[in-house]
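I opened the notebook for a friendly look around this structure. My entries follow below.

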Amino acid sequence: MAPQNSAAIQARHQICLERASPLPIGTRLCFRCDRFKDLSEFRRSERGLFGLSARCKKCEKDCGKDWAKRNPEIYRAGERKQKRRYYEKMRRERPDELRRRAREQKRKRKGKLREYELKNRDRVYADKRQRRKTDEWQFKSKARTALWTAIGRGHLARAKSLACHDCGKPAQHYDHYLGYAREHWLDVQPVCTSCHGQRAVDRKELVRIKD
Ligand SMILES: [Zn+2]
Ligand SMILES: [Zn+2]
């Protein structure tokens with residue numbers, strides 16, 4: 001284990017000075033990888049000798065990786081936090097850039113899907129036809145169309161502008177909670193993705209929810 005406190009670091013440097021004199025000018029010994037490296041290879045550090053960190057940048061990076069391996073949960077939590085902060089900042093300061101990226105990603109996804117469909121044409125279309133023939137699909141797609149029409153005409157607010165009926169978080173979809181029969185086409189409740197998924201599981205639905 002490498003020494004951590006600055007007294008130990010200084011002692012270590014004393015040894016270096018004796019061992020490697022003259023000290024290569026403009027370099028510093030990294031106490032982790034034990035190599036002389038250019039000063040620019042060291043980060044600034046107030047605690048370190050000469051105001052530089054005792055470990056070279058590469059070793060610091062490796063240490064970070066080791067630590068992440070030892071503490072995967074803390075690391076992931078930190079990552080999530082950082083990501084959240086980043087997106088909060090982006091939403092505040094550069095919402096247009098975010099929208100542009102979303103569009104780009106969507107375009108890429110679509111392109112890939114299209115590529116796959118072209119390559120596996122027969123299978124994909126057979127699957128699609130099969131799915132569309134099922135009563136469940138017919139049922140649902142009509143209900144969805146009716147819902148979209150109602151939203152488009154302003155009879156219903158967009159689900160995303162409402163709160164989830166079950167948990168109160170921002171909603172993503174409308175759930176046809178009374179089923180897809182014609183008289184219930186507009187009997188919907190706003191739900192978030194996870195609550196919608198939970199409802200589908202409770203109802204033992206098999207088709208993926210999209211509306
Ligand atoms: Zn090093
Ligand atoms: Zn919810």
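Predicted model: local features only at pLDDT ≥ 70, side-chain atom pairs only at ≥ 80, totals over all residues.

Then I looked up α6 itself: the helix covers residues 135–152, 18 residues in all. I compared its reach with expectation, and from first C-alpha to last α6 spans 26 Å, close to the 26 Å expected at 1.5 Å a residue.

**Domains**

Next I wanted the layout of the chain. The domain assignment gives domain 1 as 6–64, domain 2 as 71–116 and domain 3 as 134–203. I also looked up a distance: the centres of domain 1 and domain 2, taken over C-alpha atoms, lie 38 Å apart.

**Cores**

Which residues make up the largest nonpolar core? I found eleven: A143, L147, A159, C164, A171, Y174, Y180, V188, V191, C192 and C195. Another core, of seven residues, lies apart from this one, and L29, C30, F31 and C59 are among its members.

I then picked V188 and asked what it touches, leaving out residues up to four places away in sequence. Its contacts are L147, Y174, D175, H176 and Y177.

**A loop residue**

My last stop was D34, in the loop between β1 (27–29) and β2 (36–38). Its phi is near 65°, a positive value in a residue other than glycine. I noted that most residues other than glycine have a negative phi. Is D34 buried or exposed? With 12 or fewer neighbours as the cut-off for exposed, D34 counts as exposed because it has 10 other C-beta atoms within 10 Å.

Technical notes
Residues numbered from 1 in each chain as written. Chains lettered and ligands numbered in written order. Core = buried A, V, L, I, M, F, W, Y, C linked by C-beta atoms within 7 Å. Buried ≥ 20, exposed ≤ 12 C-beta atoms within 10 Å, placed from the backbone. Contact = placed C-beta atoms within 7 Å. Domains from an automatic or database assignment. Helix = DSSP H or I, 4+ residues; strand = E, 2+ residues; numbered from the N terminus. Expected span 1.5 Å × (residues − 1).
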